[in-house]
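Please look over the structure shown here, with attention to helix packing, backbone angles and surface pockets. The briefing below takes these topics in turn.

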Amino acid sequence: PQVAYREAITSTAQGVGVFKRQSGGRGQYGHVRIHMEKLPEDSEKTYVFRDDVSGGVIPKEFIPAIDKGAQEMMRQGPLAGYPVLGVLVAPYDGSYHDVDSSEVSFKVATYRAFKDAFMKAQPAILEPMMAVEVVTPDEYMGDIMGDLSSRRGMISGQDQRGKAMIIKAKVPLSEMFGYSTQLRSMTQGRAAYTMEFSSYEKVPNNIANQIMDER
């Protein structure tokens, strides 16, 4: 089973990218500086592009190529190749060559500027957290809560419904594989659970390093 990890930044940074190639005949030249910042938590958008270039340092016809290059990087993040969430990208400076500059050269320069800024902006890997609700006879509560805690779960509440107890928790999806078998085993098949997506949250550093090594 695959977990849909995501990548994000936690601070603001600037990055620079240059693509320069000369191989006989027409060359390639693109140079862009970008500002990158995290979008507000309540933003409905995953990506925002803002053109802050002034003074003609980058001709207007190359701005869409910068936008396109940034969007391609959003689909495959610099840390481990997972999609990026919640980033504003704003080119603000750069330079061009009358003959050698092209859309391709500015797109490649943007790849490099995006990675430069992203890696400076305290990047993180995010994991899907699931809202888990377990309905169980009360004699199994201790075992279930201990098991959820061992799965990096955070207990958020407990209620009584008739003779059954309801345990609510947020648990990383990566830790929930095989849970139904474990729950049956712990409760002799007398407990049941439901699970739905809750939010994305930062992965602990040791697990993030493991994810990046595997990728």
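F114 has a relative accessible area of 0% and therefore counts as buried, where buried means under 20% relative accessible area, exposed over 50% and partly exposed in between, computed with a 1.4 Å probe on protein chains only. F118, likewise, is buried at 0% relative accessibility. This is a predicted model, in which local features need pLDDT of at least 70 and side-chain atom pairs count only at pLDDT 80 or more, while totals for chains, interfaces and linings use all residues. Residues are numbered from 1 along each chain as its sequence is written, and side-chain values use heavy atoms, with hydrogens and water left out.

- F114 and F118 form a stacked aromatic pair, with 6.0 Å from centre to centre and 15 degrees between the planes; rings of Phe, Tyr and Trp (its six-membered ring) pair if their centres lie within 6.5 Å, and planes under 30 degrees apart count as stacked, over 60 as edge-to-face and the rest as tilted.
- By this rule the model has five aromatic pairs.
- Because F114 and F118 are four residues apart in helix α2, about one helical turn separates them; helices (H or I, at least four residues) and strands (E, at least two) are DSSP runs, numbered from the N terminus.
- Helix α2 comprises 18 residues (residues 103-120), which should span 26 Å at 1.5 Å a residue, and its end C-alpha atoms are 26 Å apart, in agreement; the expected span is 1.5 Å times one less than the number of residues.
- The buried residues of α2 are S105, F106, V108, A109, T110, A113, F114, A117 and F118, and they pack against β1, β2 (13-21), β3 (28-38), α1 (63-75), β5 (87-95) and β6.

**Backbone angles**

- Most residues other than glycine have a negative phi.
- R152, which is not a glycine, has a positive phi of about 65 degrees; R152 sits in the loop between α3 (141-150) and β7 (154-161) and is partly exposed, with a relative accessible area of 24%.
- Q188, also not a glycine, has a positive phi of about 55 degrees; Q188 is found in the loop between α4 (179-187) and β9 and counts as exposed at 66% relative accessibility.

**G157 in strand β7**

- G157 belongs to strand β7 and is partly exposed, with a relative accessible area of 22%.
- Leaving aside neighbours within four places in sequence, G157 is in contact (heavy atoms within 4.5 Å) with I166, I167 and K168.
- The C-alpha atoms of G157 and I63, which are 94 residues apart along the chain, are separated by 50 Å.

- The largest pocket has a volume of about 390 Å³, and of the 17 residues that line the largest pocket, K38, E41, L85, G86 and L126 are the closest to its centre. A pocket is an open set of points on a 1 Å grid over the protein atoms alone, where a 1.4 Å probe fits and protein lies on both sides within 12 Å along at least five of seven lines, and lining residues have an atom within 4 Å of a point. Grid points are joined across faces, edges and corners, and a volume is the space filled by probe spheres set on the points.
- β1 (6-9), β6 (123-137) and β9 (192-202) each contribute at least two residues to the lining of the largest pocket.
- The lining of the largest pocket divides into eight nonpolar, four polar and five charged residues; Ala, Val, Leu, Ile, Met, Phe, Trp, Tyr, Cys and Pro count as nonpolar, Asp, Glu, Lys and Arg as charged, and the others, Gly among them, as polar.
- The second largest pocket holds about 230 Å³ of space, and of its 13 lining residues, Y5, S174, Q210, I211 and E214 lie nearest its centre.
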